[in-house]
Amino acid sequence: MVTKSYDIMNLGGNNMLKPEMLQKGDKIAIVSLSWGGLGDEKLIHKYHIAKERLENEFGLEVVAMPNALKGSQFVYEHPEARAKDLMDAFKDETIKGIFCA
(Lines give C-alpha, C1' and ligand atoms only; values in the text may rest on other atoms or scores of the structure.)
Protein backbone atom coordinates (compact mmCIF):
# COMPACT_ATOMS: atom_id res chain seq x y z
CA MET A 1 0.00 0.00 0.00
CA VAL A 2 1.19 3.50 -0.81
CA THR A 3 -0.31 6.60 0.72
CA LYS A 4 0.28 10.00 -0.80
CA SER A 5 0.13 12.27 2.26
CA TYR A 6 3.25 12.03 4.32
CA ASP A 7 5.73 13.65 6.67
CA ILE A 8 9.47 13.52 6.05
CA MET A 9 11.39 12.16 9.04
CA ASN A 10 15.14 12.45 9.33
CA LEU A 11 16.66 9.28 10.74
CA GLY A 12 20.42 9.54 11.09
CA GLY A 13 20.80 11.69 7.98
CA ASN A 14 18.41 9.56 5.89
CA ASN A 15 15.03 10.99 5.00
CA MET A 16 12.13 8.59 5.34
CA LEU A 17 8.61 9.26 4.15
CA LYS A 18 6.01 8.58 6.82
CA PRO A 19 2.52 8.21 5.33
CA GLU A 20 -0.50 9.54 7.14
CA MET A 21 -2.91 6.94 8.45
CA LEU A 22 -5.95 6.35 6.28
CA GLN A 23 -9.22 7.60 7.76
CA LYS A 24 -12.83 6.54 7.30
CA GLY A 25 -14.15 8.08 4.12
CA ASP A 26 -10.75 8.17 2.39
CA LYS A 27 -10.65 6.99 -1.21
CA ILE A 28 -8.16 4.29 -2.17
CA ALA A 29 -7.26 3.05 -5.63
CA ILE A 30 -6.67 -0.56 -6.64
CA VAL A 31 -3.98 -1.05 -9.27
CA SER A 32 -2.53 -4.20 -10.82
CA LEU A 33 1.16 -3.72 -11.52
CA SER A 34 2.31 -7.26 -12.15
CA TRP A 35 0.24 -10.38 -12.71
CA GLY A 36 -3.29 -9.02 -13.12
CA GLY A 37 -4.92 -12.28 -12.08
CA LEU A 38 -7.32 -10.58 -9.69
CA GLY A 39 -9.39 -9.63 -12.72
CA ASP A 40 -9.55 -13.20 -14.01
CA GLU A 41 -12.89 -15.00 -13.78
CA LYS A 42 -11.60 -17.54 -11.25
CA LEU A 43 -10.31 -14.85 -8.86
CA ILE A 44 -12.57 -11.82 -9.29
CA HIS A 45 -14.63 -12.92 -6.29
CA LYS A 46 -11.59 -12.22 -4.08
CA TYR A 47 -11.60 -8.61 -5.25
CA HIS A 48 -15.28 -8.27 -4.32
CA ILE A 49 -14.65 -9.78 -0.87
CA ALA A 50 -11.70 -7.45 -0.22
CA LYS A 51 -13.59 -4.41 -1.52
CA GLU A 52 -16.55 -5.16 0.73
CA ARG A 53 -14.30 -5.56 3.79
CA LEU A 54 -12.35 -2.37 3.10
CA GLU A 55 -15.58 -0.43 2.67
CA ASN A 56 -17.62 -1.98 5.50
CA GLU A 57 -14.96 -2.63 8.14
CA PHE A 58 -12.59 0.29 7.50
CA GLY A 59 -14.96 2.82 5.94
CA LEU A 60 -12.80 3.36 2.87
CA GLU A 61 -14.07 4.20 -0.60
CA VAL A 62 -12.53 1.66 -2.97
CA VAL A 63 -12.08 2.38 -6.66
CA ALA A 64 -10.44 0.05 -9.12
CA MET A 65 -8.35 1.89 -11.68
CA PRO A 66 -9.55 1.37 -15.28
CA ASN A 67 -7.21 -1.53 -16.13
CA ALA A 68 -6.81 -3.17 -12.73
CA LEU A 69 -9.48 -5.83 -13.24
CA LYS A 70 -9.06 -6.56 -16.95
CA GLY A 71 -7.33 -9.87 -16.24
CA SER A 72 -3.88 -11.38 -16.47
CA GLN A 73 -3.73 -11.60 -20.27
CA PHE A 74 -4.58 -7.92 -20.74
CA VAL A 75 -2.15 -6.80 -18.04
CA TYR A 76 0.59 -8.95 -19.59
CA GLU A 77 0.00 -7.50 -23.05
CA HIS A 78 -0.35 -3.86 -21.94
CA PRO A 79 2.33 -2.81 -19.43
CA GLU A 80 1.75 0.82 -20.44
CA ALA A 81 -1.87 0.54 -19.22
CA ARG A 82 -0.87 -0.65 -15.77
CA ALA A 83 1.75 2.12 -15.55
CA LYS A 84 -0.90 4.67 -16.56
CA ASP A 85 -3.23 3.39 -13.84
CA LEU A 86 -0.53 3.94 -11.21
CA MET A 87 0.41 7.38 -12.47
CA ASP A 88 -3.25 8.43 -12.72
CA ALA A 89 -3.81 7.27 -9.13
CA PHE A 90 -0.88 9.40 -7.95
CA LYS A 91 -2.18 12.41 -9.91
CA ASP A 92 -5.71 12.14 -8.47
CA GLU A 93 -5.73 14.35 -5.39
CA THR A 94 -8.86 12.62 -4.04
CA ILE A 95 -7.03 9.27 -3.74
CA LYS A 96 -5.35 8.93 -0.36
CA GLY A 97 -3.87 5.44 -0.77
CA ILE A 98 -2.92 2.97 -3.46
CA PHE A 99 -3.30 -0.79 -3.01
CA CYS A 100 -1.51 -3.10 -5.43
CA ALA A 101 -3.43 -6.28 -6.26
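**Ground rules.** I number residues from 1 along each chain as its sequence is written, and my side-chain values use heavy atoms, with hydrogens and water left out. As the model is predicted, local features need pLDDT of at least 70 and side-chain atom pairs count only at pLDDT 80 or more, while totals for chains, interfaces and linings use all residues.

**Entry 1, salt bridges.** I looked for a side-chain nitrogen of Lys or Arg within 4 Å of a carboxyl oxygen of Asp or Glu. The count came to 2 salt bridges.

I found Lys51 bridged to Glu55, with the closest N and O atoms 3.2 Å apart. The two residues are 4 apart in helix α1, so about one helical turn separates them. (Helices are DSSP runs of H or I, at least four residues; strands are runs of E, at least two; both are numbered from the N terminus.) I then checked accessibility, where buried is under 20% relative accessible area, exposed is over 50%, and partly exposed is in between (1.4 Å probe, protein chains only). Lys51 is partly exposed at 25%, and Glu55 is partly exposed at 28%.

I found Lys84 bridged to Asp88, with the closest N and O atoms 2.6 Å apart. Both lie in helix α3, 4 residues apart, about one turn of the helix. Lys84 is partly exposed at 49%; Asp88 is partly exposed at 24%.

I placed Arg82 in helix α3 (residues 79-91). The Arg82 side chain reaches the backbone oxygen of Leu33 at 2.9 Å. Leaving aside neighbours within four places in sequence, I list Arg82 in contact (heavy atoms within 4.5 Å) with Ser32, Leu33, Ser34, Val75 and Tyr76.

I took a core as a set of buried Ala, Val, Leu, Ile, Met, Phe, Trp, Tyr and Cys residues joined through side-chain atoms within 4.5 Å. The largest has 8 residues: Leu22, Ile28, Ile30, Leu38, Tyr47, Leu54, Leu60 and Val62. The elements giving two or more residues to this core are β4 (27-31) and α1 (44-58). Another core, of 6 residues, lies apart from it and includes Ala29, Met65, Ile95 and Ile98.

I also looked up Leu60: beyond its neighbours within four places in sequence, its contacts are Leu22, Gln23, Asp26, Ile28, Leu54 and Glu55.

How values were computed: Polar contact = N/O pair within 3.5 Å; in protein donor to acceptor, adjacent residues only side chain to side chain.
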